[in-house]
Amino acid sequence: MAASRTQNTRGRPRFPLDMAVSLVEFDERGMYARTFNGRIKDLSQGGLGICVAGMVHVGRFLLVEGELKGTRNQFFGRVVRNDYVASAGHIVGIAMEPLPKDGPVHLWLSQREESAA
C-alpha cells in the first residue's frame with residue numbers, strides 16, 4: 001500500500017523550508033532535459049521535497065539551485081518519488097547524491113560556467 005502524504009517515508013527527520021529554486025533535469029544517462037522552477041518544501045539529511053507544476057519521472061536527476069539569506073545553495077540528486085496533490089501540484093522527492101565529477105552532468109555544468117564567464 002502506498003504511503004499517505006502525511007506519513008514520513010524518509011529515514012531521517014524532515015525540516016520545513018520554503019525556498020524558490022531553479023531546477024535542471026537530466027535523464028537517466030545524465031543528459032540535459034530541461035530547466036524549470038519550483039519550491040523546496042522540506043529537507044532532511046538525505047533528501048528534499050520540492051513542489052513543481054509538472055511531472056518529473058522517477059529515476060531522473062535534478063540539479064537544484066536557489067538562494068537563502070544571501071547564500072547560493074546547490075543540491076543534486078535522483079528523483080525517487082513524484083506524487084500529485086491537487087492543492088499543491090507535483091511533490092517530487094529527491095534522494096541527494098554527490099554532484100558528478102565527470103560525465104554528461106559535469107560537462108554540462110562546465111559549459112554553463114564557461115558561457116557565463
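**Fold, cores and a buried arginine**

Read from the N terminus, the elements of the chain follow the order β-β-β-β-β-β-α, in a model that is predicted.

Overall dimensions
- The chain has a radius of gyration of 14 Å, which agrees with the value near 13 Å that a compact globule of 117 residues would have.
- Taken along the principal axes, the C-alpha atoms fill a box of roughly 45 × 35 × 25 Å.
- Buried residues make up 37% of the 117 residues, while the chain exposes about 7,200 Å², of which carbon and sulfur atoms supply 55%.
- Among contacts with a separation of 6 or more, 51% are between residues 24 or more positions apart.

Nonpolar cores
- The largest nonpolar core holds 15 residues, and the members that touch the most others are Leu23, Ile40, Ile50, Leu62 and Val64.
- Two or more residues of this core come from each of the strands E1 (15–26), E2 (32–43), E3 (47–52), E4 (61–68), E5 (71–85) and E6 (89–96).
- Apart from this core lies another, of eight residues, including Val24, Phe26, Leu63 and Trp108.
- Beyond residues up to four places away in sequence, Leu23 touches residues including Phe36, Ile50, Val52, Leu62 and Val64.

Arg60
- Arg60 sits in the loop between E3 and E4, and it counts as buried because its relative accessibility is 18%, under the 20% cut-off.
- The side chains of Arg60 and Glu25 are joined by a polar contact of 3.1 Å.

Notes
Residues are numbered from 1 along each chain as its sequence is written. This is a predicted model: local features need pLDDT of at least 70, side-chain atom pairs count only at pLDDT 80 or more; totals for chains, interfaces and linings use all residues. Side-chain values use heavy atoms; hydrogens and water are left out. A nonpolar core is a set of buried Ala, Val, Leu, Ile, Met, Phe, Trp, Tyr and Cys residues joined through side-chain atoms within 4.5 Å. Buried means under 20% relative accessible area, exposed over 50%, partly exposed in between (1.4 Å probe, protein chains only). Helices (H or I, at least four residues) and strands (E, at least two) are DSSP runs, numbered from the N terminus. Contact means heavy atoms within 4.5 Å. A polar contact is a pair of N or O atoms within 3.5 Å; within protein, one must be able to donate a hydrogen and the other to accept it, and residues adjacent in sequence count only if both atoms are side-chain atoms. The radius of gyration is taken over C-alpha atoms; the globule rule is 2.2 Å times the number of residues to the power 0.38. Accessible areas come from the Shrake-Rupley method with a 1.4 Å probe; for residues, only the protein chains shown count as cover.
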